[in-house]
Structures are given as structure tokens and as C-alpha cells.
Amino acid sequence: VKKLFKGNIIFSKTSDTLEALPLHYVAVEDGIVSSVTPFIPKDFADAQIIDCENKLIIPGFCDLHVHAAQLSNMGLGLDKELLPWLEDYTFPEEARFSDTRYADKKYRHFVKLLWQNGTTRSAVFTTIHAESTIRLMELFSASGLGAYVGKLNMDRNTVPALKESTAASLENTQKWLTHCAKYFQAENELVKPIITPRFVPHCTTELQKGLGKLSLKYNVPVQSHLSENRDEIEWVKKLHPESPSYTAVYDEAGLLGQTPTIMAHCIWNTPEETALLASKNVWIAHCPTSNMNVKSGIAPIQKYMNQNIKIGLGSDISGGNTLSMPSVIRAALQVSNLYWVYVNQDCPPLSLFEAFYLATKGGGSFFGKVGSFEKGYEFDALIIDDTNLSDENERSLPERLSRYIYCGDDRQIESRYVRGEYIPEPFS
Ligand SMILES: [Zn+2]
């Protein structure tokens, strides 16, 4: 199927540049971009034209770190730091997901909100419950949005309702992966499983190692948390005095880059840990709204970018207070400004282009050729009608993007596409 999308085309090729092409065509064949041109390519003469007029066509947003089961806690309990917040807010809510009917209701709302906010791909944590995790995967499939979805693992230091034995945690994960291998692992599948140990304090070495083996056996990526909060890091030191660092604990367990790996936060990494992440090709999910809310700190993202580490942005609901990726982009820009002023003058603030890149092509790279309109990329796109943000003066496309990112929200998103397909509002 051939389609032509006509409008003002905006996307990133590199982290510090922006392609902004007024009234161009994106030629898409079977969901894949074949070219971006000022005229209709010869072999697309008969293609369907989707005329977006003077609107912006930008890549769909990628959320590289989000907890689906924490949606109902959004905006609550953020006067606490990470560890007490987990105890008081997160665990009681996550425990409710043993009830698949409750999970179904909450997860429908979650998928709907991702759609509303223009997040076309996401890397998602659920809870320890395999059955409700599968339910979320089915809901994603029905919606047409792309996602990696991970059943959580926890076998120590958590509340009884969420604690699995080591053996049960591994067995339930293996069963879940076997189910996924049957229903969610076709080459072109948009919804896939991801191995998800919550973090070191909640997973014994035996469980971590077992999960590392499962990631290889089923060829499934891995996501977890790393170096978010200073009390958490001290805790890891006490639990693993034998290990040179928090990052090394994951590495020794086979959970660091054996398969594609996302580590959320990475605020307090030592230079050795950062080098280890770089050598293992780990993606960092930068979650600035969450890091401010639960008082974790500021990740030195510009420094990591200079070391060629792959980075995406995460909403980290409900440490984060919004699913809107433009809001997360804004927060990334603002915390990087303060980091430069107050912490390290050698770490310059992120530019708008860089932060936009992180939320599209940067995070998108975890999903394949996603997050850009270069030839060969999957056409995930948002049509942005920014009329109600206009000041009626002549504005360049980068200025219009800037205003949308700083001042816009879901109301400007007119339509969403994933791999060339129009995505209607789910479950309506
Ligand atoms: Zn998280």
C-alpha cells in the first residue's frame, strides 16, 4: 500500500539538527518511509494522498519508561522520596492488579491516555501479575500502538502481597514468555515482552541471574532502574558489598546488554559505571519530571550524549506527573539548564532539537527504525494542528515546533499513525 502525507515535515536525523521541510510529501510504502520530497515521486502517482495542509507532521513520541499500573496514583504522594513513596503509594496500588478485572479497567484507561498524548511506542512496566500483564499486551495490540510490556519481578524486600518466591518468580516469567512467544513474537509484531526486574533491592542475585538466562533463552530485551536515589544506592552497596558498583551488579547477573537493555534514571553513575553502560550499548531512559518530583536529582544527559550513550525520555508515571511527552521534553530542557547553572558549567544545557530528538529518534531506536522520517523508517507520525497556538505573525517551522513543545498539549494532536496506519481512539 502506498500513501503520501503532505504537510510541514519535521524530524531529526542527528541529535543536534532538525529537518524542517515546508509543504513536502512523505512517501510511505507498506508503513515504511521511502522518501521525503517537495514533489510527488513518479512511482507514487497513484498513491492515496493524505493532505495535512499547513499542519505539522512530526514523528510519534516514544516513552522509554512508564509504569502502567501506577496510573491511578498520578499526582499523588509526591511530597515523599523514592523509597517511602514506593511503600506508601506504589505497592498498595500495584497489589490490586492481581484482580484482572481491575487491571483491565485501569489498563484500558492507560492505553487510551497514551493514544491521547501521541505516544505511539512505549516501554512499560506492569506488576508481578502475569495474567493482567497479558491483558495489557492484548489491549495494546487492539489499539494499534507499539509497546514493550514487562511483567515485574520481585523476590525480596517488598510487601507480602507483591513478593514472589525466587522459584515462582522465574517460573511465572517463563510461562509468561512462553505465552508471548506464541502470541506476541512475530517479526512485525508491535507488542512484545521485555524482562523486568524492578531493581536490585527487590531481586535476589539468584533471581537476577535466572532472568538474565531467560532473556537469552527467549531473546527478549531487559528493562530496569539504576542509580535513581541516593538512599537506594546505599542500600544496594549494603546488599552487594562484593560488587564494585550498582551497575556491575546487573552486569554480573547477565542483565546489562546481553540483549537490548534500558536502564531508567542513571543520575548518580560513577565514571566507571557510565563507561560500562556505554560498552554494553545500554539505553538510558531519562525521566526528568519523576526525578524532580521524588527528589532524586538531575541526570547529566549532555555528558552521556557526548559519550555516545543511547538515550530516550520517559514519563515514569507515577513518579512522573504526566504522560505528555512534550511536557517531559520541557522538563528535560529545564533541568539541564539548572544543571549547567548550579552543578557543572562544563555540561551545557540541552537544546530544543536535542530534547526533541531524545523523545523521537533517540528513544525510538530501541524499537527498531522508529522515531524519524528518514528512508527505511517506520512511519509513526502525529499530525499537529497548532492554529490555536499561533500569534498570527509569520513563524518558521522550528519556531512552530518550539511553541508546540513549550506551550502545547494533546489538544493540538489531530491524528496519529503507527507504521503508516491511522490509529483511531481505542475502545470507543
Ligand atoms: Zn520507574
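## A tour from loop to sheet

Start at Val294, in the loop between α9 (288-293) and α10 (301-306). Helices here are DSSP runs of H or I with at least four residues, strands are E runs of at least two, and both are numbered from the N terminus. The model is predicted: local features need pLDDT of at least 70, side-chain atom pairs need pLDDT 80 or more, and totals for chains, interfaces and linings use all residues. Residues count from 1 along each chain as its sequence is written, and side-chain values use heavy atoms, without hydrogens and water.

**Stop 1: Val294**

Keep Val294 selected. Is Val294 buried or exposed? Its relative accessibility is 1%, so Val294 counts as buried (buried is under 20% relative accessible area, exposed over 50%, partly exposed in between; 1.4 Å probe, protein chains only). Show the rest of the surroundings. Leaving aside residues up to four places away in sequence, Val294 touches Leu78, Lys80, Glu81, Leu82, Trp85 and Glu228 (contact means heavy atoms within 4.5 Å).

**Stop 2: Ser318**

Keep Leu78 and Trp85 on screen, and select Ser318. Ser318 sits in the loop between β14 (310-313) and α11 (325-343). Its relative accessible area is 0%, so Ser318 is buried. Which residues does Ser318 touch, not counting those up to four places away in sequence? They are Gln70, Asn73, Met74, Leu78 and Trp85. Leu78 and Trp85 are also among the residues that Val294 touches. The peptide bond from Ile317 to Ser318 is cis. Its omega is near 5°.

**Stop 3: the parallel sheet**

Zoom in on β7, residues 146-150. Of its 5 residues, 5 are buried, so β7 is largely enclosed by the rest of the structure. Check both faces of the strand. Gly146, Tyr148 and Gly150 point one way. Ala147 and Val149 point the other way. The residues on either side are all buried.

Next, step to each neighbour of β7. How many bridges join β6 to β7? There are 5, and β6 (residues 119-125) runs parallel to β7. Then select β9, residues 191-193. Here 3 bridges join β7 to β9, again in parallel. Ala147 has Val191 in β9 as its bridge partner.

**Stop 4: two asparagines with positive phi**

Select Asn157, in the loop between β8 (152-153) and α4 (166-183). Its phi is near 55°, a positive value in a residue other than glycine. Asn157 has 35% relative accessibility, so it counts as partly exposed.

Jump to Asn281, in the loop between α8 (271-279) and β13 (283-286). Phi is positive at Asn281 too, at about 55°, although this residue is not a glycine. Its relative accessible area is 47%, so Asn281 is partly exposed.

**Stop 5: zoom out**

Show the entire protein as a cartoon. There are 13 helices and 17 strands. Along the principal axes, the C-alpha atoms fill a box of roughly 60 × 50 × 35 Å. Colour by burial next: 61% of the 428 residues count as buried.

Technical notes: Two strands pair if DSSP finds at least two bridges between them.
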